Amino acid sequence: MSEEKEPVEVLRTPVELDYTYSAGVSASRFLRAVEQGKLLGQRCPVDGRVYFPSRGSCPQHGVPIEGEPVELSDRGTIVTFSVNRVPSENIDLELPYAAIQVLLDGADTTLFHVLGECSIDDVRMGMRVEAVWRPRDEWTISMQNIRYFKPSGEPDAPFESYQEHI
Amino acid sequence: MRDVAVVAFTQSPSVRCEANRNETEILIPVIHEIKQQTGLATEDIGFICSGSSDYLAGQSFAFVAGLDAIGAWPPVSESHVEMDGAWALYEAWVKLQIEDADVALVYGFGKPSMGDLPRTMALQLDPYSVMPLWPDAVSMAALQARSCLEAGVISEREMAQVAVRDRANALNNPFAQVKGEFDVDALLAEPMLVSPLRKHDCSPISDGACAMVIAAGDRARELCERPAWIRGFEHILEPQDLGVRDLTRSRSTEIAAEKAGAHSDKIDVAEVYAPFTHQSILLERALGLGDAAVVNPSGGALAANPLMAAGLTRVGEASRRVWEGQADRAVAHATSGPCLQQNLVVVLEGN
Amino acid sequence: MAELCGIVGIGQTKHDSKRIDVSMAGLLREAAERALEDAELTWRDIDAVVIGKAPDLFEGVMMPELFLADALGGAYKPMLRVHTAGSVGGSTGIVAASLIQAGIHDRVLVAAFEKQSESNAMWALSIPMPFSVAVVAGAGGFFAPLVRGYMRRSGAPEDTGIRVAVKDRENALKNPYAHLHMEDISFDLVASSPMLWDPIRYLETCPSSDGACAMVLSSESLAAKAPTRPAWVHSTAMRSEPTMFSGRDQVMPQGILDNAEALYKKAGITNPRKEIDCAEMYVPFSWFEPMWCEGMLFAEPNEGWKMTYEGATAMDGDLPINMSGGVLSSNPIGASGLLRFAEAALQVRGQAGDHQVEGAKKALGHAYGGGSQYFSTWIVGSEKP
């Protein structure tokens, strides 16, 4: 009984749980449009600002967003970005990559995406970008239908035009 | 203590699976409705507190989505408990006691249909010695029911009677999920689910949300004709290990009820959060309810069990009976953890 | 009128990347027993327990306070579990204080912890969700673009963040409980560390730690019996706002400005830079020191970096910040907020040892979380408010 054993320091208990997520009513509408290559936003009924994507309510005013969708351009402006050099098991991208916040033309909220066809030394705030879509036969109900954004070649947007979105 | 009362309550209909709506979308109309009912805007609310669970949602910080539903702007004084909304109510009640606010909004929401609920609940157990065995929630409750039956403190017939009562009461509750007229003998003829529990002994799995407004003093009287004044509010935790607890009674409910003053006068209505029939019997005893008390007029958790909202719903349903004059004195109860590990008792009065 | 709340016991663990020598219960007890010892009290003297920690997925236990009931002396007592993202440690302290201030309890144990080594926090923060494109890797991926936004707006010199990182690591050398003790810390070492999430360098980020913090809070009458001078809670504030809405200022959220205003008003403070002697703020990435100096109204908008640059926030500056080494030196996430609050209390009790600010009478504890959207703060003082 008195025989000393090594203390147990690590016990591995794999936890596997399956979840079935619902996109929700408004995200479903948005995803069905993305499946067709369309980017749909919706207006807040209080201040008319266009949410992309709409999540069913305006977080600022706490009111449902139910009006007609607004179709947006697939061009926009990088309002801010970071260059990521940290591997993550959940992200399937080659390092390093630029994670960008894009303000699409016609939208009043930004989305996170990736920058492609551009050296990471050239990425900057205010840079104008356009979406590069995957081939149509690969489209699914996902924003990954846009492979990445690439520089559009237009002149940079002035800081004042997007600074309130950072 | 400062006089604080429950003045408004709204809830979503409980359903087995909200296939189309996400949690924020379930919550939006519930919050919208309570704001309409009370005429309160975000600026009028001094404190907000919510209850929800990341593991039910299957992601970290799931409660953050709740802020989208309430319109948290200008920035709000707000907090969250990883517990049933009934404990969020407790935190809000404390906040009103220190006069930091006169009006508080409380809400709870859960969408357990997303995962495998009985299995998920195993993650509440000791991660080093118990959880690796994956005891599911129904089996844990069955162990308790068995010990109650063996000790002779309850019978299977009494358990079935609870199911018949609650499901019949639920006929008057438009938000309930399981309702109808049932016969005790017919229920007892049903097969066992996890012996000694039959299907009718177990609460359903429900998706849902609810919201409540509480207010202090004159503010409560402005917002509600007959506020449900909180006269006692206590909660007590027991050790988790089943081996060190008396499973044939709810000791923590007894202590909480005693401290909350539930025993000091007659109770007209009790809303008890019992996810299983045998637990209802133990809880009714622990609360010291007399024969005259109407138990679970809403149908209780056996009729609808939206986790993280179901406890707060008991307080809302008990308050409703006070507002409507059916009760001068009501008690509401909420529970958390395996086999009634943690229990909360609120005493509400119309005068 | 609210009752007064005194802090009569403070304890914390040695923070480390993997505390495999203790279980979750052992980790919490290490902190809680030190707090009880400091207060010369026993588990029996505690009326209620308030627990805080960040997401349950960080340890893989759902509502771990349930199985920890015994270990925390919570059996047959009231226990609350708070979770408000990264600010949770702070919020937990505030909830515990409110139980005393409301006159409900006389002695409350507040404890917060994280044992990140038991699961994978980076995974838990970036679980692949359907319907969205995963590009944001962990917290750094989220905050780096905001730091860039601050740099652009303020025109701050690019080495501001490096200076913060060096200062906090130097302070940590004086704190025996700190996770990181980097004897060789220097400007060049930080500057030459790799860019992880450009513009954030490796040595400008917080570590991932196992650790816990606990405090015993007491009513005024029982605090009078405390063996050591209590710290008194002068003011608390919490503010939250949505993660995202059109036009939301994510770099300098309204929530922190409103929080600061409410906090100082309650504490009767009109000139925070002058009246507060030192501050522990939640700075998980070095650039958040200048940002939150502005947020807590110590500096004018876009000028917070000057405080760092001029040495005002150093131990010998006029407003020392993160004397303990801060989150940059120890980051048990759920406990990080409470550690900030505890350091503020240590300072005004004169118990901070080698990292004591001489004569500190009023100190700020600050925590934030989510997408810079949850804020909790308190002011503690050596004198009763």
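Colleague: How much space lies in the largest cavity?

Modeller: This is a predicted model, in which local features need pLDDT of at least 70 and side-chain atom pairs count only at pLDDT 80 or more, while totals for chains, interfaces and linings use all residues. A cavity is a set of points, on a 1 Å grid over the protein atoms alone, where a 1.4 Å probe fits but cannot get out, and its volume is the space filled by probe spheres set on the points, which are joined across faces, edges and corners. The structure holds seven cavities of 30 Å³ or more, and the space in the largest cavity is about 70 Å³.

Colleague: Which helix gives the most to the lining of the largest cavity?

Modeller: Lining residues have an atom within 4 Å of a point, and here they include L339(C), R340(C) and E343(C). Helices are DSSP runs (H or I, at least four residues), numbered from the N terminus. With three residues, the most is given by chain C's helix α12 (residues 333–349).

Colleague: Is S372(C) buried or exposed?

Modeller: S372(C) lies in the loop between β10 (362–369) and β11 (374–381) of chain C, where strands are DSSP runs of E with at least two residues. Because its relative accessible area is 1%, and under 20% counts as buried with a 1.4 Å probe and protein chains only, S372(C) is buried.

Colleague: How many disulfides are found over all chains?

Modeller: A disulfide is a pair of cysteine sulfur atoms within 2.5 Å. A search of the whole structure gives a count of zero.

Conventions: Residues numbered from 1 in each chain as written. Chains lettered and ligands numbered in written order. Heavy atoms only, no water. 1 Å grid on protein atoms, 1.4 Å probe; cavity = no way out; pocket = protein on both sides within 12 Å on 5 of 7 lines; lining within 4 Å. Buried < 20%, exposed > 50% of the residue type's maximum accessible area, 1.4 Å probe, protein only.
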